[in-house]
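This report describes selected features of one structure, shown below. It begins with strand pairing and then turns to cavities, a helix, backbone geometry and one annotated site.

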Amino acid sequence: MVPEGLHYTKAHEWIKVEGDRGRIGITHFAQSQLGDIVFAELPQVGRVLRQMEAFGVVESVKAVSDLYCPLTGEVLEVNSSLESSPEQINADPYGEGWIIAVHIADPRELANLMSAEEYKAFLAAEEH
Amino acid sequence: MNAATGLLKRTPLFEAHRRLGARMVAFGGWEMPVQYAGILDEHRAVREHAGLFDVSHMGEIELRGSGALEAIQRLTPNDASRLSVGEVQYSALTTPDGTFVDDITVYKFADDRYWLTVNAANTEKDFAWIREHLVSNAEVKDISDDMALLALQGPRAQEILEKLTSVDLRTLRYFRFVEGQVIGIDCCISRTGYTGEDGFEIYIPPQHTVTLWNALLEAGTPVGLQPCGLGARDTLRLEAKMALYGQDIDDRHTVLEADLGWIVKLEKGEFIGREALVRQKANGISRKLVGFEMCGRGIARPHYAIVSGSQSIGEVTSGGPSPSLGKNIGLGYVATQYAAIGTEFDIVIRGQSVAARVVRTPFYKRAH
């Protein structure tokens with residue numbers, strides 16, 4: 001459950017780059033670790049985030065988890081349907097459960113993120 | 001953590017939990033299942049059908065001898081002399097300040113034989129405390145290693161257990177227990193629990209635990225029984241406003257502050273903490289444990305501040321979503337003037353004040 005073509009953080013976010021825009025969510029691994037997600041706190045559109053800045057929170061029944069922005073950029077859109085249906089993050093973390101979209105300020109920062117292969121190796125190492 | 005070895009203890013069901021895909025966590029020095037299918041799913045199973053919990057980590061301490069009752073009367077604020085053989089009582093081990101060493105249940109097996117069921121993390125501390133305050137003609141023994149414990153909880157619990165035992169469960173009332181056999185194994189069956197549902201707690205010798213666990217799952221799965229972990233146990237007990245030691249009750253808050261005055265029987269005579277509680281009752285308490293629901297968006301978690309305007313008035317002790325009510329709920333200590341039903345205050349969640357309101361507890365009460 002680590003799709004090709006996305007870029008990954010060590011904090012288990014993904015970003016899908018489409019031109020100068022990036023769509024962001026948390027990985028299948030992250031949602032499975034959290035369990036039933038019952039609350040999402042999202043940023044305001046227009047907020048400028050630095051790479052790996054905390055931008056919001058997802059809460060499962062038992063845990064609170066910060067969300068980190070994979071790349072520097074301005075928030076263009078938030079998935080406001082998560083306010084009423086945060087469980088979409090569990091059901092479809094790479095699709096309907098996306099969290100925000102940003103305008104990518106500096107594509108060179110992608111070098112700091114992991115490919116699907118690298119993220120799979122990272123997860124395997126985390127399990128040991 | 002076990003101080004001596006740094007290792008977590010495991011119950012006889014450890015491998016069974018792993019086979020069922022449980023996620024294991026450290027809890028009170030034990031490696032316990034926190035969830036199998038998912039907390040919300042397991043929570044619903046207990047409210048609507050039944051759930052099976054491994055609670056073998058709980059401790060059991062036996063008191064024997066002609067002085068056993070006197071010892072219990074001295075150690076606890078509730079009146080154990082009111083117990084008949086086969087009855088269970090919710091109580092506490094109290095400090096001289098009227099705060100909690102632990103909360104416990106007391107089982108009366110005979111005039112000279114009682115059991116105390118205690119919290120896993122407190123077992124050694126409780127045992128030492130009891131030994132230190134023992135009266136003459138009473139002996140105390142930690143029998144936790146001789147005992148595993150399963151909790152079968154939910155509206156279908158009786159129907160499931162009936163398939164496996166000839167014990168007449170229909171006549172076994174709430175907070176009563178009976179010794180008998182389940183699938184031919186000698187057990188102690190207690191109509192108690194920690195979920196707010198009808199159900200049973202079954203004390204069993206450790207070597208038979210896997211057999212009984214499997215038999216209960218086989219008998220119950222057709223009517224919706226699910227294995228449940230500590231995660232669902234916590235959301236269920238919070239809805240039923242059952243206190244959790246280390247969060248809602250501890251050695252810093254008195255039994256009266258914890259809103260458990262109903263287990264304090266001052267007229268029964270001397271017990272550890274009585275003087276402090278008499279004084280506090282006369283003077284009035286300055287803070288009280290209350291139940292609240294969130295009015296604004298956000299989930300209260302333990303240690304979040306409770307404020308009124310810019311003034312700090314208390315702290316959250318437990319909080320989370322209530323799957324049965326579809327609201328976010330919590331417990332917390334507040335200054336007494338903010339404890340009345342309907343009082344509004346704010347919970348500080350990540351720097352933001354979010355409105356909450358004191359509500360009647362338990363949050364959830366079963367209809368039947």
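## Strand pairing in chain A

Strand β3 (residues 21-26) of chain A pairs with strand β9 (residues 100-104) of chain A in the antiparallel sense, over four bridges. Within this pairing, Gly22(A) has Val102(A) of β9(A) as its bridge partner. Helices (H or I, at least four residues) and strands (E, at least two) are DSSP runs numbered from the N terminus, and two strands pair if DSSP finds at least two bridges between them.

β3 and β9 belong to an open sheet of six strands in chain A, ordered β1-β2-β3-β9-β8-β5, with antiparallel pairing. Its edge strands, β1 (7-8) and β5 (48-49) of chain A, each pair on one side only.

## Basis of the values

The model is predicted, so local features need pLDDT of at least 70 and side-chain atom pairs count only at pLDDT 80 or more, while totals for chains, interfaces and linings use all residues. Residues are numbered from 1 along each chain as its sequence is written, chains are lettered from A and ligands numbered from 1 in the order in which they are written, and side-chain values use heavy atoms, with hydrogens and water left out.

## Cavities

There are two cavities of 30 Å³ or more in the structure. A cavity is a set of points, on a 1 Å grid over the protein atoms alone, where a 1.4 Å probe fits but cannot get out; lining residues have an atom within 4 Å of a point. Grid points are joined across faces, edges and corners, and the volume is the space filled by probe spheres set on the points.

The largest cavity has a volume of about 50 Å³. Its lining consists of Val61(A), Lys62(A), Asp234(B), Thr235(B), Leu238(B), Gly319(B), Gly320(B) and Pro321(B). At least two of the lining residues come from each of α7 (230-239) and β16 (311-322) of chain B. By class, three are nonpolar, three polar and two charged; Ala, Val, Leu, Ile, Met, Phe, Trp, Tyr, Cys and Pro count as nonpolar, Asp, Glu, Lys and Arg as charged, and the others, Gly among them, as polar.

The second largest cavity holds about 40 Å³ of space. Residues lining the second largest cavity include Met32(B), Tyr36(B), Phe53(B), Cys228(B) and Arg233(B). Two or more lining residues come from each of β2 (30-35), β3 (50-54) and α7 of chain B. This lining has seven nonpolar, one polar and two charged residues.

## Helix α6 of chain B

Helix α6 (residues 209-220) of chain B has 12 residues and spans 16 Å from first to last C-alpha, close to the expected 16 Å at 1.5 Å a residue. The expected span is 1.5 Å times one less than the number of residues. Among the buried residues of α6(B) are Leu212(B), Trp213(B), Leu216(B) and Leu217(B). Buried means under 20% relative accessible area, exposed over 50% and partly exposed in between (1.4 Å probe, protein chains only).

## Backbone geometry

Most residues other than glycine have a negative phi, and most peptide bonds are trans. Phe175(B), in the loop between α5 (157-162) and β10 (177-182) of chain B, has a positive phi near 60 degrees. His303(B) has a positive phi near 80 degrees and lies in the loop between β14 (287-294) and β15 (305-308) of chain B. His303(B) is exposed, at 62% relative accessible area.

The peptide bond from Thr361(B) to Pro362(B) is cis, with omega near 0 degrees. Pro362(B) is in the segment after β19 (352-359) of chain B.

## Annotated site

An unreviewed UniProt entry places the feature "binding site" at Glu201(B). UniProt positions follow the numbering used here, feature names are shortened, and annotations may be inferred rather than shown by experiment. Glu201(B) lies in strand β12 (residues 199-204) of chain B and counts as buried, at 11% relative accessibility.

Methods: On a 1 Å grid over the protein atoms alone, a cavity is a set of points where a 1.4 Å probe fits but cannot get out, and a pocket is an open set with protein on both sides within 12 Å along at least five of seven lines; lining residues have an atom within 4 Å of a point.
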